Amino acid sequence: MKLVYLQFLLVLIISYLILIPSFGIGLYGDDWLAIFRYVVHVNPPSKEGWNLFSYYLTPYGSQDIIMGLLHQFFGNNAFYYEVTSYIFRLFAAFSLYPLVFYLTKNKLATFFAMLFFSITTIGFDSTGWLLTMPTYLTIAFFNIFLYFYIIFHETKKIRTLLFSGIFFYLACVTASQRMIGAPLFILSLEAFWLIKNKTFDNLKHSFLKVIFVFTILLTIGISGYSLGNSGDWFSRLNSSITTIQKMLSEGRSDFLLYPIITIGGMFIPNFAFPNIQINTKSDMLSSVTLPAIALFLIFLIIFKANIEKFDKDDIKKCLITASIWIFSVFVVRKLNIVTFSSSNMILMSIVGGLAIIIWILLMFKYQTQKNILTALFISFSWTLFSFFMAWLWNPASPIDSTHRYLTTSAIGISILLAIIISLGKKFKNQVYLALLLSLFLILHITSTRTSIDKLLNSHSQQIVDKIWSSIPRIPNIGKEPFLLFFERDETNARILGESVMFGFPFHIALLYNLTESDKFPGATDNWKDVVSAVKDGQSLKAYGYPLKPIPIDHIYAFRLQGKDNLINITNITRQKLLEER
């Protein structure tokens, strides 16, 4: 037990050292919307009759409540929000312990899985974009559900099925939008188990489990609004079909690789290496293909030396299959030269394909070892299905490595890495495999720090506080229409966008205690909108105001210079408007 505590402590220390700069990221964008919805609908109770429990059972209830409660105690100080997000992330990482250890029976492998998840770049939005932090709670609940679900499959004890049901319910109502792949995953897992053991008893228990899971989903749908509006789901599906038909009519086939590219980006983040344009076959060979094949061969050789069932024939099979895959990528690139020619897209497609080759090979090699085979299937199936529906909503592009839709997929990658380590012949071989896979660990650490730096440069707590403290108190906001105009220089478009413009209505509504019935001031960086606002009022439609001119003294203007120097240019701007009018 002491070793378990030591593992948890090491994960805590290492992840803290990696993620501590993220504690300086400020609130932005829909963070303000989540807080505003809590203030308006939950505290104090609104006319709609919401309370904490009933509001929790809405599609975004958990994130609004968590953000709202934190705002009640800590105001706009994002430090405490980031600490809370970090605690949730650790909870998700630690929840891997019972699941991974049960599947691998290996403490080193389990430690590696927890450590990788705690620092991974996959789905980093759930750390950087604070309102999505409940995703980590959903991951923790899902991991515990899966642990009990697998145990029930082994033992057939109803008590474990009931435990799994409780945690599946919690996972779904906490962040239902991240669990959209769960039904497909569970159906695939049951089909896999049935194929491996075709008995009537297995069929009966499989039917029982599927009915049990879908009963929970039905209960969630009836008792609350966590699953959202079915009309939205069909609308998105219809839009997806239209987009796919359009791409096919244009002769595009590259989108078929996008799920594989997305998987590749989970191993090597899509921004880890500089992106270059691939113009010739020579470019593709020298910049992407040869380095990928060389590294793949090194991995295969080390696997052969340390994994008992991995032999020379497996290396040959892998290299032949990899060559066929890379040739296929070449063909797709040639057919889609306009939309599929960046080095990162090609690299991610190759890496994703190579990872799938390893998954499939290991499943064939270990098909007689029940736990390992189950773990391999779970890791692949959940990695794919946890994001596939979200990708299907927007099939015209792969999903970025840091996107919040991929946070749950990190479970599958963590399990795969743990399995590979556990396959080592002896402990020393497992250590060698862990050291090899630490290349991914290091790559993700550097990519995570890059992501943090990017966020700090655009909306750190310090930047947000300084900019907003330079906006003076404006009388009569909420009672009459106002428009705030923001200029910028050539260096700070992202800062202005994320620290001021994104989420502006709700941020300022919270500062002035406005409600939905009040007139929210508008914000724009378009000078034509300002001119229109005082001339004919046509530009005010976007802000929900009547289409009639507003007084010039209802215009406020500011110029952002550098990172955080906001200069009040209201008088100059009003004079300019007088001259133009």
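Helix H15 (281-306) contributes eight residues to the lining of the largest pocket, the most of any element. In this predicted model, local features need pLDDT of at least 70 and side-chain atom pairs count only at pLDDT 80 or more, while totals for chains, interfaces and linings use all residues. Residues are numbered from 1 along each chain as its sequence is written, and side-chain values use heavy atoms, with hydrogens and water left out. Helices (H or I, at least four residues) and strands (E, at least two) are DSSP runs, numbered from the N terminus.

The volume of the largest pocket is about 620 Å³. Among the 27 residues lining this pocket, Ile-268, Leu-295, Phe-299, Val-351 and Phe-440 are the closest to its centre. Besides H15, at least two lining residues each come from helix H17 (343-365), helix H19 (410-422) and helix H20 (427-459). The lining comprises 24 nonpolar residues, three polar ones and no charged ones. In this classification Ala, Val, Leu, Ile, Met, Phe, Trp, Tyr, Cys and Pro count as nonpolar, Asp, Glu, Lys and Arg as charged, and the others, Gly among them, as polar. Grid points are joined across faces, edges and corners, and a volume is the space filled by probe spheres set on the points.

Three cavities of 30 Å³ or more were found in a search of the whole structure. The largest cavity has a volume of about 50 Å³. Its lining consists of His-153, Lys-156, Glu-190, Trp-193, Leu-194, Asn-202, His-205, Ser-206 and Lys-209. Helix H11 (182-196) and helix H12 (200-223) each provide at least two of the lining residues, and H12 provides the most, with four. Two of the residues lining this cavity are nonpolar, four are polar and three are charged.

Two of these lining residues, Glu-190 and Lys-209, are joined through their side chains by a salt bridge (3.1 Å, N to O). Glu-190 belongs to helix H11 and Lys-209 to helix H12, so the pair ties together parts that are 19 residues apart in sequence. Both Glu-190 and Lys-209 are buried; buried means under 20% relative accessible area, exposed over 50%, and partly exposed in between (1.4 Å probe, protein chains only).

In the whole structure, 11 salt bridges were found, a salt bridge being a side-chain nitrogen of Lys or Arg within 4 Å of a carboxyl oxygen of Asp or Glu. Another of them links the side chains of Lys-365 and Asp-314 (3.0 Å, N to O). Because Lys-365 lies in helix H17 and Asp-314 in helix H16 (residues 312-335), this pair ties together parts that are 51 residues apart in sequence. Lys-365 is partly exposed, at 24% relative accessibility, whereas Asp-314 is buried, at 1%. In a further salt bridge, the closest N and O atoms of Asp-564 and Lys-466 are 3.5 Å apart. Asp-564 is located in the loop between strand E3 (555-561) and strand E4 (565-568) and Lys-466 in helix H21 (residues 461-469), so parts that are 98 residues apart in sequence are tied together by the pair. The relative accessible area of Asp-564 is 18%, which is buried, and that of Lys-466 is 42%, which is partly exposed.

On the surface, a nonpolar patch is formed by Leu-3, Leu-6, Leu-9, Leu-10, Leu-12, Ile-13, Tyr-16, Leu-17 and Ile-20, which together have about 740 Å² of accessible area. Patches are made of residues with over 30% relative accessible area and no salt bridge, with like charges joined within 9 Å and nonpolar side chains (Val, Leu, Ile, Met, Phe, Trp, Tyr) within 5 Å. Accessible areas come from the Shrake-Rupley method with a 1.4 Å probe, and for residues only the protein chains shown count as cover. One of the patch residues, Ile-13, lies in helix H1 (residues 2-19) and is partly exposed, with a relative accessible area of 42%.

Lys-105, although not a glycine, has a positive phi of about 55°. Lys-105 is situated in the loop between helix H6 (96-104) and helix H7 (107-119). Asn-513 is likewise not a glycine and has a positive phi of about 55°. The loop between helix H23 (504-511) and strand E2 (522-524) contains Asn-513, which is exposed at 66% relative accessibility.

Notes. 1 Å grid on protein atoms, 1.4 Å probe; cavity = no way out; pocket = protein on both sides within 12 Å on 5 of 7 lines; lining within 4 Å.
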